[in-house]
Amino acid sequence: MANPLVEVINVSYTYPGGIKAINGITMTVEQGEFIALLGQNGSGKTTLAKLMSGLLKPDEGMVLIKGKDIKDLTVSERASIVGYVFQNPEHQIFASTLYDEIAFGPRNLGLPEEEVKRRVEEALKIVDLDKPLNAFPHLLSVGEKHRVAIASVIAMKPEFLILDEPTTGIDFKRSLQLMRILLKYRENGGSIMMITHDLYLAAEFANRVIILKDGIKIADGPPEKVLVNEELLTEAGLTPLHVTLLADKLRDYGFSKNIIKTMDFVEKFIDVLRRK
Ligand SMILES: Nc1ncnc2c1ncn2[C@@H]1O[C@H](COP(=O)(O)OP(=O)(O)OP(=O)(O)O)[C@@H](O)[C@H]1O
Ligand SMILES: [Mg+2]
């Protein structure tokens, strides 16, 4: 395949305490993808994200970023390609003003302050956060902190954005708002991997779903294939989508359980009504 962004080749990782969190994972991320990474608590999602962004080094195997071994890249080289938004924004936010928080990454890239300012303003606009630049980030709401964390990564303009459970603790409306931000980012050429427990978001927005279980990749494919596989989902400790379960119950009316998107269900529903 042409110029993959990230290649994870037979990677394993064991934490100092002895837990083997990632066990022989191989996967490739192509430019333009929107991957949803699913799996139960402790299945290794965050660890995989950290390996892909260079925050952890594999014990076995290797991670290539645009064909180069991640361990041979400088921090800025890495950061301009892969951006990782932490699971808990509290772990990422440290500056005393909103401006300094978002400016931190671009400054580290060695950009002139004028460009840094432009990037801060642009990133705040992208995440739709209308707060004074001197606001104290720790006093913002959970949802706002999430958006600050995303903005501070987006400001480095990475080609590949990894978000670790970005919709946890925010309401449905805000989740959809975030999805719109991500879709726009993707339209502009960006690639995304979103770690989530929300199968609905995976079904509606991702083009590929990867499922981990005990550090092993047990599924990797398009949502319409992976998310209708009840056996696989059960094995991974995940509950099938409500629309899929409902469509399955309505088989007598011509539905099939291969429905994962709400609009597909609605269209089918209208179709059935029309034929009655
Ligand atoms: N810093 C650490 N030290 C030791 N073990 C860890 C550490 N971080 C994670 N682990 C262990 O590694 C395994 C994978 O953890 P990881 O955080 O990658 O899972 P996860 O899929 O992101 O889970 P969650 O959905 O809860 O965020 C778990 O068994 C976890 O307890
Ligand atoms: Mg995690």
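# Helices, sheets and a ligand shell

In this predicted model, helix α3 and helix α5 (residues 142–154) pack at an angle of about 40°, with their axes 7 Å apart. Angles under 35 degrees would count as roughly parallel, and roughly perpendicular begins at 65. α3 and α5 are therefore oblique to each other. On the α3 side of the contact stand L98, E101, I102, F104 and G105. They meet V148, A151, S152 and V153 in α5. By class, the residues of this contact are 6 nonpolar, 2 polar and 1 charged.

Helix α3 (residues 98–108) also packs against helix α4 (residues 113–126). Here the angle is about 120°, and the axes lie 9 Å apart. That makes α3 oblique to α4 as well. The crossing of α3 and α4 is right-handed. From α3, the contact takes in Y99, I102, A103, P106 and R107. From α4 come E115, V116, R119, V120, A123 and L124. The contact of α3 with α4 has 8 nonpolar residues, no polar ones and 3 charged. I102 of α3 takes part in the contact with α5 and in the contact with α4.

Now turn to the sheets. Strands of a sheet pair through backbone hydrogen bonds, either parallel or antiparallel. One open sheet has 6 strands, in the order β6-β7-β8-β3-β9-β10, and its pairing is mixed. β6 (82–85) and β10 (216–221) are its edge strands, each pairing on one side only. From one strand to the next, the twist averages 15°. Inside this sheet, strand β3 (residues 34–39) pairs with strand β9 (residues 208–213) in the parallel sense. The pair has 5 bridges. A36 stands opposite V209 in β9.

Two helices lie across strands of this sheet. α5 lies across β6 and β7, and runs at about 170° to β6. α1 lies across β3, β6, β7 (160–164), β8 (191–195) and β9. Its direction is at about 155° to β7.

Another open sheet has 4 strands. Their order is β2-β1-β4-β5, with antiparallel pairing. β2 (20–29) and β5 (68–69) stand at the edges with a single partner strand each, so one side of each is left without a neighbour in the sheet. Strand β1 (residues 6–14) is joined to β2 by 6 bridges. V8 stands opposite M27 in β2. β1 and β2 form a hairpin with 5 residues between the strands. In that hairpin, G18 takes a positive phi near 110°.

On to the next pair in the order. β1 and β4 run antiparallel, joined by 5 bridges. S12 stands opposite E60 in β4. Strand β4 (residues 60–65) then pairs with β5, over 2 bridges and again in the antiparallel sense. I65 stands opposite K68 in β5.

Which residues come nearest to ligand 1? They are Y15, N41, K45, T46 and T47, out of 13 residues around the ligand. Helix α1 (residues 45–52) gives the most to this shell, with 3 residues. By class, the shell has 3 nonpolar, 9 polar and 1 charged residues.

Methods:
Residues numbered from 1 in each chain as written. Chains lettered and ligands numbered in written order. Predicted model: local features only at pLDDT ≥ 70, side-chain atom pairs only at ≥ 80, totals over all residues. Near = placed C-beta within 6 Å. Nonpolar A, V, L, I, M, F, W, Y, C, P; charged D, E, K, R; others polar. Axes fitted to C-alpha atoms, helices over the stretch in contact; angles between N-to-C directions. Parallel < 35°, antiparallel > 145°, perpendicular 65-115°, else oblique. Left-handed = near helix turned anticlockwise from the far one by under 90°. Contact = placed C-beta atoms within 7 Å. Pairing = 2+ DSSP bridges.
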